[in-house]
Amino acid sequence: MVALLASVAVVLIWGSLTMDVLSESKPGPQFTPMLLGILTAIFAVALAFDVVRRPEVEQDSGAADNSGIYEMSVDMLHDLAGMKNSEDSMLHEELLNRRSWKEKSAVETDPKNRPIVNSDWRTLGAVLVSVLGFIIVLPVLGWVVAAAALFWLVAHFLGSSRPIFDIWVSLIVASVIQLIFGALMGLNLPTGFLGGI
């Protein structure tokens, strides 16, 4: 994701610097892509720093099932099961053995004792396919419909659980961007089939 954001930032900044502008109006059509490119580059650097500082650790399904037992108090288990003190000490020893075995196996599987990073390739792939689909349908559907669909799909794939709310937010954001480009900057985004209405 960091590489993707950095690539987008480079394309936006380079496109803004090499853009042929006929008028001398300020802020001009170069302003928005330059601003977005700089913000995207800052976000990419911040995300890279965060990934290095706090890598996401892969959750093992077996470890997840057994991890809760380590946090249980032996006294609580003793009270719930009505065990005698001798049985209680045996349970405590068993829990300690399991914990030490888990820690030992983790060291064996990763000799440098670093956390295993797991990327969500499925979500990343779905978002990339959504962006590709947006690029393909933009001339036909126009900015408002295509961008709203893209915003909604990205929100859905990133885990949003309010699809109706997301549709309205996507339509409003896409429309506001259309107005900003058209009214304030004098740039026409593709209108698609809505242009004939």
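This tour moves through the structure one selection at a time.

**Before you start**

The model is predicted, so local features need pLDDT of at least 70 and side-chain atom pairs count only at pLDDT 80 or more, while totals for chains, interfaces and linings use all residues. Residues are numbered from 1 along each chain as its sequence is written, and side-chain values use heavy atoms, with hydrogens and water left out.

**Stop 1: the whole protein**

Show the cartoon. The protein has 8 helices and 0 strands. Along the sequence, the pattern reads α-α-α-α-α-α-α-α. Helices here are DSSP runs of H or I with at least four residues, strands are runs of E with at least two, and numbering starts at the N terminus.

The protein exposes about 14400 Å², an area from the Shrake-Rupley method with a 1.4 Å probe; for residues, only the protein chains shown count as cover.

How much of the protein is buried? Buried residues make up 18% of its 197 residues. Buried means under 20% relative accessible area, exposed means over 50%, and partly exposed lies in between (1.4 Å probe, protein chains only).

Contacts come next; a contact means heavy atoms within 4.5 Å. Of the contacts in the protein with a separation of 6 or more, 59% join residues 24 or more positions apart.

**Stop 2: helix α2**

Select residues 31-53, which form α2. The end C-alpha atoms of this 23-residue helix are 33 Å apart, in agreement with the 33 Å it should span at 1.5 Å a residue. The expected span is 1.5 Å times one less than the number of residues. Thr32, Pro33, Gly37, Thr40 and Ala44 are buried in α2.

Zoom in on Thr40. Thr40 counts as buried because its relative accessibility is 16%. Which residues does Thr40 touch, not counting those up to four places away in sequence? They are Leu5, Val8, Ala9 and Leu12.

**Stop 3: helix α6**

Jump to residues 121-141. This is α6, with 21 residues. It reaches 28 Å from its first C-alpha to its last, close to the 30 Å expected at 1.5 Å a residue.

Where does α6 kink? Look at Ile135, where the kink is about 35°. The bend at a residue is the angle between axes fitted to the seven residues ending there and the seven starting there.

Colour the buried residues of α6: Thr123, Leu124, Ala126, Val127, Ser130, Phe134 and Leu138. An α-helix has 3.6 residues a turn, so residues three or four places apart point the same way. The cover over the buried residues of α6 includes α7 (143-157).

Pick Ser130. At 8% relative accessibility, Ser130 counts as buried. Leaving aside neighbours within four places in sequence, Ser130 contacts Leu150, Leu153 and Phe157.

Step past the end of α6 to Gly142. The phi of Gly142 is positive, near 90°.

**Stop 4: helix α7**

Select α7. Its 15 residues should span 21 Å at 1.5 Å a residue, and its end C-alpha atoms are 21 Å apart, which agrees. Trp143, Ala146, Ala147, Ala148 and Leu150 are the buried residues of α7.

Click Leu150. Beyond its neighbours within four places in sequence, Leu150 is in contact with Ser130, Val131 and Phe134. Just after α7, Gly159 takes a positive phi of about 105°.

**Stop 5: the largest nonpolar core**

Select Phe134, Leu138, Trp143, Ala146, Ala147, Ala148, Leu150, Ala174, Phe181 and Leu189. These 10 residues make up the largest nonpolar core. Such a core is a set of buried Ala, Val, Leu, Ile, Met, Phe, Trp, Tyr and Cys residues joined through side-chain atoms within 4.5 Å. α6, α7 and α8 (163-184) each supply at least two residues of this core. The largest share, 5 residues, comes from α7.

**Stop 6: the aromatic pair**

Show the side chains of Phe134 and Trp143. Rings of Phe, Tyr and Trp (its six-membered ring) pair if their centres lie within 6.5 Å; planes under 30 degrees apart count as stacked, over 60 as edge-to-face and the rest as tilted. The count comes to 1 aromatic pair. Phe134 and Trp143 form it edge-to-face, with 5.8 Å centre to centre and 80° between the planes. Phe134 is buried, at 13% relative accessible area. Trp143 is buried too, at 14%.

**Last stop: Pro163**

Pro163 lies in α8. Is Pro163 buried or partly exposed? At 41% relative accessibility, Pro163 counts as partly exposed. Draw a distance from Pro163 to Leu153: the C-alpha atoms are separated by 9.4 Å, and the residues are 10 apart along the chain.
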